[in-house]
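Hi,

Here is the structure we talked about. My notes follow below it.

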Amino acid sequence: MKAKQIRYPGRKWLKHESLWSEPLLREYLPDTMLFTPKNFIQMIDKYTVLFLKPDLGMKGQGVMKVSREEEDYIIRTAYYTHKYPSKKLAALKLKHLIGDKRYIVQQGIDLIKIEDKPIDFRALMHLKPEGDWRFFGIMGKVAAPNSFVTNHSNGGKAIRLYDALGVSNEEGKEWYLKIKDISLLIASAMKEHFPKIAELGLDIAIDTERKIWLVEANTKPQFQLFRYHSNPRLYGQIAASVRAIRSTSA
């Protein structure tokens, strides 16, 4: 399979399909489809909030949020809000906004929040020379005011796991170990499907019911959030590891 030779697979749909083929991982994956007007209508009938994302994209660019609010359908982009009285009209507007680009439609997750600002998390792992994954840790991202994306590049602020969850150190450690175990399970599956990968930045969500989700698996992840980690040496260790990994030939 050609995809197996990709060192940095970027397509969200390809990665979702690969992970969805693993029954043990399905409980962590939001419902996701490729965008078509028909698929959008099917999804908005099931969920009150959807996110539409470029199949190839990064840093939250091009992401749209669609909400079903009473009789209206609200489309929010980074710059505009559009309101439509029917899902068919909303679907047509989305088709116009997307044009010939390839997008996915993803179930919206009701993220935990601080001061009404949503939070998600980045778990970071690198493959060690002996073939095991090193789990560097997890950092949270709080969205900027009035933003529905948490990306650091879009004004999102770093937050530590314990603070984001508002839990004690002991409870925080339990959460840390739970996320670590899930992350290593995902990393193992990703390595099976994409044998050349050596880095993973997992976008992890925790919803208001305290359920853990995998939003996306990034194979050439940014790691600037880890400047704010409680271990001041960790960022330097990550940067050195990245240099070593990316200096090797594909």
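Where does leucine 234 lie? Leucine 234 is in helix 6 (residues 234-247). Helices here are DSSP runs of H or I with at least four residues, strands are runs of E with at least two, and both are numbered from the N terminus.

Before the rest, the ground rules. This is a predicted model, with residues numbered from 1 along each chain as its sequence is written. Local features need pLDDT of at least 70, side-chain atom pairs count only at pLDDT 80 or more, totals for chains, interfaces and linings use all residues, and side-chain values use heavy atoms, with hydrogens and water left out.

**Overall**

The chain has six helices and 12 strands. Its C-alpha atoms fill a box of roughly 55 × 45 × 30 Å along the principal axes. Of the 250 residues, 50% are buried. Buried means under 20% relative accessible area, exposed over 50%, and partly exposed in between, using a 1.4 Å probe and protein chains only.

**Leucine 234**

Leucine 234 is buried, at 4% relative accessible area. It touches Arg134, Phe136, Phe226 and His229, leaving aside residues up to four places away in sequence. Contact means heavy atoms within 4.5 Å. Alanine 123 is 111 residues away along the chain, and its C-alpha atom is 13 Å from that of leucine 234.

**Serine 183**

Serine 183 sits in helix 5 (residues 169-193). Its relative accessible area is 0%, so it counts as buried. A polar atom of its side chain lies 2.8 Å from the backbone oxygen of isoleucine 179. Beyond four places in sequence, serine 183 touches Ala123, Met125, Phe135 and Leu202.

**The cavity**

The search of the whole structure found one cavity of 30 Å³ or more. A cavity is a set of points, on a 1 Å grid over the protein atoms alone, where a 1.4 Å probe fits but cannot get out; lining residues have an atom within 4 Å of a point. Points are joined across faces, edges and corners, and the volume is the space filled by probe spheres set on them.

The largest cavity holds about 140 Å³. It is lined by 13 residues, and the closest to its centre are Lys12, His16, Val215, Glu216 and Ala217. Helix 1 (12-20), strand 6 (103-107) and strand 12 (212-218) each supply at least two lining residues.

Best wishes

Key: 1 Å grid on protein atoms, 1.4 Å probe; cavity = no way out; pocket = protein on both sides within 12 Å on 5 of 7 lines; lining within 4 Å. Polar contact = N/O pair within 3.5 Å; in protein donor to acceptor, adjacent residues only side chain to side chain.
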